[in-house]
Amino acid sequence: MNLMPSHLPSRLWSLARNASLLVFTVFTLLDTIDLQAQFGPIQEDVSIADGLARKYKDEDVACLSSHLYFTFDKGKNALNDKVVVIQEETETDFIALK
């Protein structure tokens, strides 16, 4: 089975296929570099962890920040009574000390 379109000469089809492989390879390498930069340790985080590790010698992790968010909505329960519906969301940032 020939996958080459009949209206393209074989040389042009080969060049197009090679160009698409090159573009794919370049984008894959750029994504890999971006992921390494994104997940590598940041020097500021390392210095924060070192300072906290000296202060809290027995702890493995420390909480840098913790936020609670509440959303209040009007609603009705199963008996059709008016109630307040409360939703809670939490955001917590931890850092490893060891």
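This briefing covers the fold, surface and selected contacts of one protein chain. The model is predicted: local features need pLDDT of at least 70, side-chain atom pairs count only at pLDDT 80 or more, and totals for chains, interfaces and linings use all residues. Residues are numbered from 1 along each chain as its sequence is written, and side-chain values use heavy atoms, with hydrogens and water left out.

**Fold**
- The protein chain has two helices and two strands. Helices (H or I, at least four residues) and strands (E, at least two) are DSSP runs, numbered from the N terminus.
- Along the sequence, the order of elements is α-α-β-β.
- Contact means heavy atoms within 4.5 Å. Among contacts in the protein chain with a separation of 6 or more, 51% are between residues 24 or more positions apart.

**Burial and surface**
- Of the 98 residues, 5% count as buried. Buried is under 20% relative accessible area, exposed is over 50%, and partly exposed lies in between (1.4 Å probe, protein chains only).

**Nonpolar patch**
- β1 gives the most, with three residues. Isoleucine 86 lies in strand β2.

**Glutamate 89**
- Glutamate 89 also sits in strand β2.
- Leaving out residues up to four places away in sequence, glutamate 89 touches His67, Leu68 and Tyr69.
- Glutamate 89 and histidine 67 are 22 residues apart in sequence, with 8.3 Å between their C-alpha atoms.

**Salt bridge**
- The structure holds one salt bridge, defined as a side-chain nitrogen of Lys or Arg within 4 Å of a carboxyl oxygen of Asp or Glu.
- Aspartate 60 pairs with lysine 98, and their closest N and O atoms are 3.5 Å apart.
- This pair links distant parts of the chain, 38 residues apart: aspartate 60 is in the loop between α2 (43-55) and β1, and lysine 98 is in the segment after β2.
- Aspartate 60 counts as partly exposed, because its relative accessibility is 47%. Lysine 98 has a relative accessible area of 68%, so lysine 98 is exposed.
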